[in-house]
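Student: I am new to this structure and would be grateful for a close look at one part of it.

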Amino acid sequence: MLGVVRQKVGTGGSPLTVAILGKTLPFLRAAATPLRSYSSAAKEMTVRDALNSALDEEMSADPRVFLMGEEVGEYQGAYKISKGLLDKYGPDRVIDTPITEAGFTGIGVGAAYHGLKPVIEFMTFNFSMQAIDHIINSAAKSNYMSAGQLSVPIVFRGPNGAAAGVGAQHSQCYAAWYASCPGLKVLTPYSSEDARGLLKAAIRDPDPVVFLENELLYGESFPVSAEVLDSSFSLPIGKAKIEKEGKDVTITAFSKMVGLALEAADILAKEGINAEVINLRSIRPLDRATINASVQKTNRLVTVEEGFPQHGIGAEICTSVIEESFGYLDAPVERIAGADVPMPYAANLERLAVPQVEDIVRAAKRACYRSVPMAVAA
Amino acid sequence: MSAASLSSSISVIRAASFANDKPALVSSARPPSSAFLGSSAGLRFDPLSSSAAGAGLRPSPVVAAAAANVVKEKQPRSSPSGSNLLITKEEGLELYEDMVLGRAFEDMCAQMYYRGKMFGFVHLYNGQEAVSTGFIKLLKQEDSVVSTYRDHVHALSKGVPARQVMSELFGKETGCCRGQGGSMHMFSKEHNLIGGFAFIGEGIPIATGAAFTSKYKREVLKEEGCDHVTVAFFGDGTCNNGQFFECLNMAQLWKLPIIFVVENNLWAIGMSHLRATSDPQIWKKGPAFGMPGVHVDGMDVLKVREVAKEAVERARRGEGPTLVECETYRFRGHSLADPDELREPAEKAKYAARDPITALKKYMIESNLVSEAELKAIDKKIDEVVEDAVEFADASPPPPRSQLLENVFADPKGFGIGPDGRYRCEDPKFTEGTAKV
């Protein structure tokens, strides 16, 4: 019987807390407002600068790395991610292409077969659908089909997911599509540290990596430590990060949704619910160990994603938790996703089609059996 | 302007070279003087410097006409059976052996398929051997070849041992891809055969990327004299696909060392080329993008070889891509599952009479290059090679179960191997992000 009984999970000291891997910050992240100042942070960096610096450093370290895409050169990047790179490395390594996604993606894969390290930029990942044959069939599957003879050290990067008012054909999130394909690694950075570390790891990785950025995050600043600014910094692929430790409910999110999850965690904290926020960072391989360890600690799970709900990331996480931690669950898994409609244009409808902080708060409360049922508007 | 008189002489040239094209025409006799017209003609001329008609807007007609004159001046009048200057005895034997290997291998594949040793999709190359042999025998090991699903003979010509190809087709561990690729996905890093692609048109951007790498290595990585070229083989159906045009544009734009070889066998499964294409003359699509477009008789290995020589030399010199349309024919159906009901028996008979192997044999014997006995010895040797390949494949084990999960990634643990040779994820510092990468 559903009541208002809230099971209190054992507080700290559980061996599971100690066993959780991932970087633990010396300070808690508060709301994801653009400007944060913490006395312990060395400096702030926007995600855009983080990506730019990562590309710059990797291109200077390895002459086989080159950047190819539309407007990456003279236009300085459609979203200015590749600003300054053309001047520094020349048109042989920062290559403006005609509008031919299928063609230049295939060219990148062919170059990767022969040992170069292309970084293919899609103006948005919606345009990658024109090239998806090459991403999946010639990049992802080649190492397997050739029994290890041809590895494909390529990175496909670009903004993914909804921006602001760009309509249905420019707003889809492709994490679930690419993450279901063996042979690909799929990364979704959130902060500047994520962006730098994961992009460097992706470029150095000998396998095809789909690097899903987010346009609305490009301008956001995050504090970065001196370690992050070091040119040999990189983050492991396949490891999630616990952004905020908690004990009452686990909230998993990736990319922009991490910011919303952190805001929701703040709101929940005021109501006495101590949420743990996991920044997935890597969708494929998914860090099932961290997620399950967290659920085994908190016993409740809310998954948050921006994309379409059916067959999405939340569905996979939910199944993973049921397979490995079913006995630990005290409440059904709550899944927050975008609305199951193509993205509308009108601003108020767009707000309804993408998860908001209130949705996450409500779901967390439901998972904690603390919600007051409310009428749902269609 | 001379353009008008040029264009009328062009139509004469084109008509002559296309006399053999249309299936309805019964013209088995090749006009003796057309041995080189419309074939290597388009290549011996730099389109940019030829622009009498102004600004190189339409290089092709000027190229063809002027070059035809060049060819006529340079070459002595050749006899109907071709001049002895074309190949030496060693080259002739090499070409013959390669084509016979391709034919015998494919015939054996058909037998094995119907006996259940091979399965899935198998697409045979019978009849098109002249194209594969004509081009690939001119390449170095470092040059790359990209093909489609009809790739067994490209693999053999490029140097992949027959044993490995047959094992791959049987799905055995000793195959060139350890049984993981199959008929349509032949890869060999050693021989630079980079596929084997099932989707038509998929190989073309890959080949363009391989050519891009060659140029990049020379200009950015400063590898002196890196002049590797790439040859992309694909069919007439592919020439209506978007990726084909995207790559013609980019290859010419960046002057990449690539040769686009169209194996126009007139049929895409059951769709006739003439039913599917608004302008069936594929070689014309080259000049539309600024590169030479050449049409050649793909049933004659010597003609293909002449055109290929020029195209490969062009690419090696850094002059950019060439589009070569080889008129050829496949004697069997699209695949072994294709009942092949739509093609007229008369058309098949007409091309069977132009069998490239028989033609080369006839040429070499009539020119007194070789004796029948020598050719028979080669036939016998190839039969033994193919038999041996089948026995080897039969005797090879199937892949072990553990192979199912192998090779999905080059870097299976996801983090890579560090400078100390151990997996990075085993380094405790790695998860802190401070390890030396």
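Student: Is B:Glu327 buried, partly exposed or exposed, and at what relative accessibility?

Tutor: This is a predicted model. In it, B:Glu327 has a relative accessibility of 3% and therefore counts as buried, since buried means under 20%. Its side chain meets that of B:Arg354 in a salt bridge, with a distance of 3.6 Å from N to O. The two residues are 27 residues apart and link distant parts of the chain: B:Glu327 belongs to strand β9 (residues 322-327), whereas B:Arg354 sits in the loop between α12 (345-352) and α13 (356-366). B:Arg354 likewise counts as buried, because its relative accessibility is 11%. As to why such partners meet, side chains of opposite charge can pair when their charged atoms come close.

Another salt bridge in chain B joins B:Arg343 and B:Asp340, whose closest N and O atoms are 2.9 Å apart. Here B:Arg343 is buried at a relative accessible area of 4%, and B:Asp340 is buried at 15%.

B:Lys381 and B:Glu97 form a salt bridge at 2.9 Å, N to O. This pair also links distant parts of the chain, with B:Lys381 in helix α14 (residues 372-395) and B:Glu97 in helix α3 (residues 89-114), 284 residues apart. B:Lys381 counts as partly exposed at 42% relative accessibility, and B:Glu97 counts as partly exposed at 26%.

Chain B has 14 helices and nine strands, and buried residues make up 55% of its 437 residues.

Definitions and conventions:
Residues are numbered from 1 along each chain as its sequence is written. Chains are lettered from A and ligands numbered from 1 in the order in which they are written. This is a predicted model: local features need pLDDT of at least 70, side-chain atom pairs count only at pLDDT 80 or more; totals for chains, interfaces and linings use all residues. Side-chain values use heavy atoms; hydrogens and water are left out. Helices (H or I, at least four residues) and strands (E, at least two) are DSSP runs, numbered from the N terminus. Buried means under 20% relative accessible area, exposed over 50%, partly exposed in between (1.4 Å probe, protein chains only). A salt bridge is a side-chain nitrogen of Lys or Arg within 4 Å of a carboxyl oxygen of Asp or Glu.
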